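Please read the points below alongside the model.

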Amino acid sequence: EGGGGGGMASSRKKKKGGVVTQKGAQTLHAQHHYYRVRVELAGHTLQEENVYQLKAILLHAVRNLLGEVGLVVPIDVLDHSGITGHSILRIPADHSTHIWAAFSLLAEFEGHPCTIRVVKSAAFLPGLALS
């Protein structure tokens, strides 16, 4: 069988990222990544009526680390609970690491101490519901 590889090896295909699958099979890749975050501004958790302030803080964090170019990455606020202070965000998967870094490095917003804590992350939204 010469250089064709023959046998079982010919029915396998190596895909990007080193994932080996059968010919014709496809690997499921998430387009978005989901974060449950908690934002604290000057020691207080943001309340429900401050969703616009939440978005401003998120964008400020991204601009600080990535500059104006980072602002083209869509950050969607899917939910915000004033009771728990947790927000659910959707971010494109290919920018997930950079956005998380921007959130982690934030120290202040408009002269007040501010932190964004990623409480949980998941490749799919239902994954945030699991403990």
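1. Leu-125 has a relative accessibility of 39% and therefore counts as partly exposed, on a scale where buried means under 20% relative accessible area, exposed over 50% and partly exposed in between, computed with a 1.4 Å probe on protein chains only. Leu-125 sits in the segment after E8, where helices (H or I, at least four residues) and strands (E, at least two) are DSSP runs numbered from the N terminus. Leaving aside neighbours within four places in sequence, Leu-125 is in contact with Tyr-34, Leu-78 and Ile-88, contact meaning heavy atoms within 4.5 Å. The C-alpha atoms of Leu-125 and Tyr-35 are separated by 8.6 Å, although these residues are 90 residues apart along the chain.

2. On provenance, this is a predicted model, in which local features need pLDDT of at least 70 and side-chain atom pairs count only at pLDDT 80 or more, while totals for chains, interfaces and linings use all residues. Residues are numbered from 1 along each chain as its sequence is written, and side-chain values use heavy atoms, with hydrogens and water left out.

3. Leu-128 also lies in the segment after strand E8 (112-122), and Leu-128 counts as buried because its relative accessibility is 2%. When residues up to four places away in sequence are not counted, Leu-128 touches Tyr-34, Tyr-35, Arg-36, Ile-88, Lys-120, Ser-121 and Ala-122. Leu-128 and Tyr-34 are 94 residues apart in sequence, yet their C-alpha atoms are 7.5 Å apart in space.

4. Which residues are linked into a cluster by ring pairs? They are Tyr-35, Trp-100 and Phe-103. Rings of Phe, Tyr and Trp (its six-membered ring) are taken to pair if their centres lie within 6.5 Å, and planes under 30 degrees apart count as stacked, over 60 as edge-to-face and the rest as tilted. By this rule the count comes to 2 aromatic pairs. Tyr-35 and Trp-100 form an edge-to-face pair, at 5.4 Å centre to centre and with 70° between the planes. Tyr-35 lies in strand E3 (residues 32-41) and Trp-100 in helix H2, so this pair ties together parts that are 65 residues apart in sequence. Tyr-35 counts as buried because its relative accessibility is 0%, whereas Trp-100, at 35% relative accessibility, counts as partly exposed.

5. Tyr-35 and Phe-103 likewise form an aromatic pair that is edge-to-face, with 6.3 Å centre to centre and 70° between the planes. This pair links distant parts of the chain, Tyr-35 being in strand E3 and Phe-103 in helix H2, 68 residues apart. Phe-103 has a relative accessibility of 0% and therefore counts as buried.

6. How do the two helices H1 and H2 pack, and at what angle? Helix H1 (residues 51-70) and helix H2 (residues 96-105) pack at an angle of about 105°, with their axes 8 Å apart; axes are lines fitted to C-alpha atoms, for helices over the stretch in contact, and angles run from 0 to 180 degrees between N-to-C directions. H1 and H2 are therefore roughly perpendicular to each other, given that angles under 35 degrees count as roughly parallel, over 145 as roughly antiparallel, 65 to 115 as roughly perpendicular and the rest as oblique. On the H1 side the contact is made by Leu-58, Ala-61, Val-62, Leu-65 and Leu-66, and on the H2 side by His-98, Ile-99, Ala-101, Ala-102, Phe-103 and Leu-105. The residues of this contact divide into 10 nonpolar, 1 polar and no charged, where Ala, Val, Leu, Ile, Met, Phe, Trp, Tyr, Cys and Pro count as nonpolar, Asp, Glu, Lys and Arg as charged, and the others, Gly among them, as polar.

7. His-80 belongs to strand E5 (residues 76-80), and His-80 counts as buried because its relative accessibility is 8%. The side chains of His-80 and Ser-87 are joined by a polar contact of 2.6 Å.

8. Glu-110 is found in the loop between strand E7 (108-109) and E8, and Glu-110 is exposed, with a relative accessible area of 62%.

9. For the chain as a whole, there are 2 helices and 8 strands, which follow the pattern β-β-β-β-α-β-β-α-β-β along the sequence. Buried residues make up 30% of the 131 residues.

Technical notes: A polar contact is a pair of N or O atoms within 3.5 Å; within protein, one must be able to donate a hydrogen and the other to accept it, and residues adjacent in sequence count only if both atoms are side-chain atoms.
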